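Subject: Structure handover

Hello,

Please find the structure below. My notes on it follow.

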Amino acid sequence: IEGIVLIMVDNLYIFFQLLYLKIITILFPTSDFWHPVVTPSLVYMSQLLTKCAVRTEEDIVKGLFICCLFLDYTSLAQRFVPELANFLLGVLHLAIPSKETQGYSLLPPFVSLGKHSNLLVVSEKSGTETWQKQNISLHVLSRSTGKNKIETNNLRLSCVALALALVQRCTVLYGELPSFREIMGPVRLLLSSLGLQATKYPPQLQELHQSVLEKLDVPGTYRPLVCDKRKPVPLKLYTPKIVKVLEFGRKQGSSKQEQERQRLVHKHRRELKGAVREIRRDNQFLAKMQLAEVMERDSERKRKVKQLFQSLAQQEGDWKALKRKKR
């Protein structure tokens, strides 16, 4: 019972994580070159697709949900996400029963051979007749145990159908890239080898497989690099104007008259600067002399006023002394 409770709590935590990533596409702009919320979310989702191991069908459902989120995030900016293409290739690889001959290579978290390399292989036709294409609900994450063969086959078929639909969306989103043929080449090769297994699928899934394969079968449009047939026409050039340099570091004219004129202009400017300098010095000297005269007159006036006050004070003292004697 404790193990079941822990699994339910873990699945609930993962469910809320996926829900938060979905809410980010609604609240924030996903087409910005860098965003403080969207950019870390993209990095986090890319780490989920490359670092988390794929061991059950529920892990595949989580990864496909993140792939849907990636397409929602990058639909406006049309950014290429290599983790998305690698995960879809790995999911479709899990649906192939024979893995001996393959012309592509798988990257983590997928392996070509192993214990969990046949998670989406439909070996029996039980439930395939009643299967219908519909969206996968995240409630399957809470039912990791207790499923019969029919439910398991229906879930596997739904995962394959969702992976094919995502590949179809990738062809529309990345179809204009010059390297589209090389990017989706492994997926096209894998879908070609999935033909024998696709005969066991329902007709609706077979039609989806065939339509995706036709969209991926795009001929190459590369043109080899060739040289031009004609030599490029050079630009028209004018005859350069050659001026004789008589003295390095000075501007020289084209004739003696021009040189003489420049010499006189230079002499005039030099004499003008000298005259301005002399006038400035004379003005400074006159200002100093005027200031000295003013200070001398002020000191003479102060001296005379002081003598006058002294004589007046002496006369007043003599008058007061004479007045006291008369009494």
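With which residue does Glu300 form a salt bridge? The partner is Arg303, and the closest N and O atoms are 2.1 Å apart. (A salt bridge here is a side-chain nitrogen of Lys or Arg within 4 Å of a carboxyl oxygen of Asp or Glu.) Both residues lie in helix H10 (residues 256-326), 3 residues apart, about one turn of the helix. Helices are DSSP runs of H or I with at least four residues, numbered from the N terminus. Glu300 counts as partly exposed because its relative accessibility is 33%; Arg303, at 38%, counts as partly exposed too. Buried means under 20% relative accessible area, exposed over 50%, and partly exposed in between, with a 1.4 Å probe and protein chains only.

Before the rest, two notes on the source. This is a predicted model, in which local features need pLDDT of at least 70 and side-chain atom pairs count only at pLDDT 80 or more, while totals for chains, interfaces and linings use all residues. Residues are numbered from 1 along each chain as its sequence is written, and side-chain values use heavy atoms, with hydrogens and water left out.

Salt bridges

The structure holds 10 salt bridges. One of them joins Arg156 to Glu57, with the closest N and O atoms 3.3 Å apart. Arg156 lies in helix H5 and Glu57 in helix H3, so this pair ties together parts that are 99 residues apart in sequence. Arg156 and Glu57 are buried. Lys22, Asp72 and Arg169 are linked in a network of salt bridges.

Helix packing

Helix H3 (residues 57-74) packs against helix H4 (residues 82-93) at an angle of about 145°, their axes being 10 Å apart. Axes are lines fitted to C-alpha atoms, for helices over the stretch in contact, and angles run from 0 to 180 degrees between N-to-C directions. On the H3 side the contact (heavy atoms within 4.5 Å) is made by Ile60, Gly63, Leu64, Cys67 and Leu71, and on the H4 side by Leu84, Phe87, Leu88 and Val91.

Nonpolar core

The largest nonpolar core has 61 residues, and Ile60, Leu64, Leu191 and Leu205 touch the most other members. Such a core is a set of buried Ala, Val, Leu, Ile, Met, Phe, Trp, Tyr and Cys residues joined through side-chain atoms within 4.5 Å. The largest share, 11 residues, comes from H5.

Regards

Key
Helix = DSSP H or I, 4+ residues; strand = E, 2+ residues; numbered from the N terminus.
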